[in-house]
Amino acid sequence: MNPSEEIDRRRTFAIIAHPDAGKTTLTEKFLLYGGAIQMAGSVKARRAQRSATSDWMDIERERGISVTSTVLQFEYGGYKVNLLDTPGHQDFGEDTYRTLVAADAAIMLLDGGKGVEPVTEKLYAVCRLKGLPVFTFVNKMDRPALAPLAILDELRAKLGLDAYAANWPVGSGPSFCGVVEPAGRRTLLFERQEGGSREALSRESDLDDPAVESKLGAESLAALKEELDMLSAAGLSHDAEMVRAGLLSPVFFGSAVTNFGVRALLDGFLRMGPPPAPRPLSGGGEIAPQDPRFSAFVFKSQANMDPRHRDRIAFLRVVSGRFTGGMSVHNRRLGREVRLNNPKEFFGRERDTVTEAHPGDILGLMNGGQLRIGDTLSDDRELRFPDIPRFPCEHFGVLRCAPGLRKAFVKGLEELLEEGAVQAFRDPKAPGNDLLLGAVGPLQFEVLRYRLENEYGARTDLEKLDYRVARWVEGGPGELEALRAAGTC
Ligand code: G4P
């Protein structure tokens, strides 16, 4: 395959959702189609899936939230899919932001019974800011759901996002039995499989299929046909340019748990979704994926992903050129060459060594501390990607370790701070060597302490401080005193 074909077949995206909308379930079904797991939903697959998704920290299981994010890579229908997993808790918005910086598109997952929820709004705002194309999946249609037209209206009203129906549900709740494409009225009818563990049986048909009427009843079928006429009259339909500019969202309906409509979503997304796009460069201009110069940036760092390995991984997004294992590239921040040895492709915690990668791909590299979030790696010394912005910390505290554990504490802190979830500041007024730590949300402190204890054996106490912001100030000590006197700091 030539480089352009390799680029065109790549799809790198993230799923964004309010907690509980069904992200884990949907991801699991995608993996099923990708052949990455054999059967979703069974106990065995649950276990496989646990290691396959980010759901690996006990604290996540205990709290029922996911706070870390990983990457799942698989082949499907000729496409190379890089699915970036985002944490499911709003305190981890910064991690989500960085993940979205590495994505070319997002699938926005809604609970059909709830529509657009607060976390959906926050995550969508990031996509909008980045101009990311957003595909919508309205999940849980097997349960009582909002009217589909009301959901389209809500996307416009709450998110300011124009949307069109790529498909439309046939029935809702217990009568949900298929999806129909408003254009052409191609209908897919599904039959439940025990537990939704395998792909639901589906057959292509049309709305005049007697099975539809027997499931919905004549009245509901007539109402559905009327709705489809209204949709056609409303005139919003696929417009590739608008979708790729993030101004129009194709909406799909389905039920991840019963596996209805998931393949239609995946096929539709891969067909219409964007291949890797050009990236802006710091100082103006952009670089196209077809550019022969190799370029990539580090968007994530993760320590101890696998307790068996106990290592730090830096995640790179390849932007242009061709990656080969062991190649030497320039790190702009360090001002020197670094060798990219032993690159890995990830499947949650599982990893495979890769010898070659292309634009759109996500790679993990063992990181002895030489790679940091935001680093540009390229064979062109002048090339640089813009910095990844930091979110302002809103919670502060001082962390102290139990006596005798200082060595483990310092090592753990150094490695975990590199992940960027918690930032360190030095308070010139504070006694001793205490580091002042700041985070966007309080849960990050909790996770940091948990990991220090479980991964480094360093038990800690947190003294919360009553600060709300941290700011750089310019000027001399006199000016700082003046600010203090004015009560501004
Ligand atoms: P999340 O990662 O977005 O937080 O959501 P997750 O997939 O864990 O799903 C949250 C709950 O919603 C789960 O139920 C899951 O089974 C259910 N769910 C997901 N998709 C659908 C769907 O299409 N239809 C229906 N009816 N339910 C769905 P749970 O009771 O919390 O857990 P479980 O015991 O079922 O795993």
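The following legends describe close-up views of a predicted model.

View 1. Of the 489 residues in the protein, 54% count as buried.

**View 2. Helix α9, residues 218-234, and its buried leucines.** The helix has 17 residues and reaches 24 Å from its first C-alpha to its last, which is close to the 24 Å expected at 1.5 Å a residue. Four residues of α9, namely L221, L224, L228 and L231, are buried, and they lie on the same side of the helix because they cover an arc of only 75° around the axis. This pattern can be read from helix geometry: an α-helix has 3.6 residues a turn, so residues three or four places apart point the same way. On the other side of α9, E219, E226, A233 and A234 are exposed.

**View 3. The surroundings of α9 and the residue that follows the helix.** The cover over the buried residues of α9 includes the helices α7 (148-159) and α8 (210-216), together with the strands β6 (162-165), β7 (168-170) and β8 (178-180). After α9 comes G235, whose phi is positive, near 85°.

**View 4. The aromatic pair F135 and F269.** The structure holds 11 aromatic pairs, and in this one the ring centres are 5.0 Å apart and the planes stand at 85°, so the pair is edge-to-face. The pair links distant parts of the chain, since F135 belongs to strand β5 (residues 134-139) and F269 to helix α11 (residues 262-272), 134 residues apart. F135 counts as buried at 0% relative accessibility, and F269 is likewise buried, with a relative accessible area of 1%. Ring pairs also link F135 and F269 with F13 and F30 into a cluster.

**View 5. The aromatic pair W168 and F253.** The rings of W168 and F253 have their centres 5.3 Å apart and their planes at 70°, so this pair, too, is edge-to-face. Because W168 lies in strand β7 and F253 in strand β11 (residues 248-253), the pair ties together parts of the protein that are 85 residues apart in sequence. Both W168 and F253 are buried, and strand β7, which holds W168, is also among the elements that cover the buried residues of α9.

Methods
Residues numbered from 1 in each chain as written. Predicted model: local features only at pLDDT ≥ 70, side-chain atom pairs only at ≥ 80, totals over all residues. Heavy atoms only, no water. Buried < 20%, exposed > 50% of the residue type's maximum accessible area, 1.4 Å probe, protein only. Helix = DSSP H or I, 4+ residues; strand = E, 2+ residues; numbered from the N terminus. Expected span 1.5 Å × (residues − 1). Arc of directions from axis to C-beta. Contact = heavy atoms within 4.5 Å. Phe/Tyr/Trp six-rings, centres within 6.5 Å; stacked < 30°, edge-to-face > 60°.
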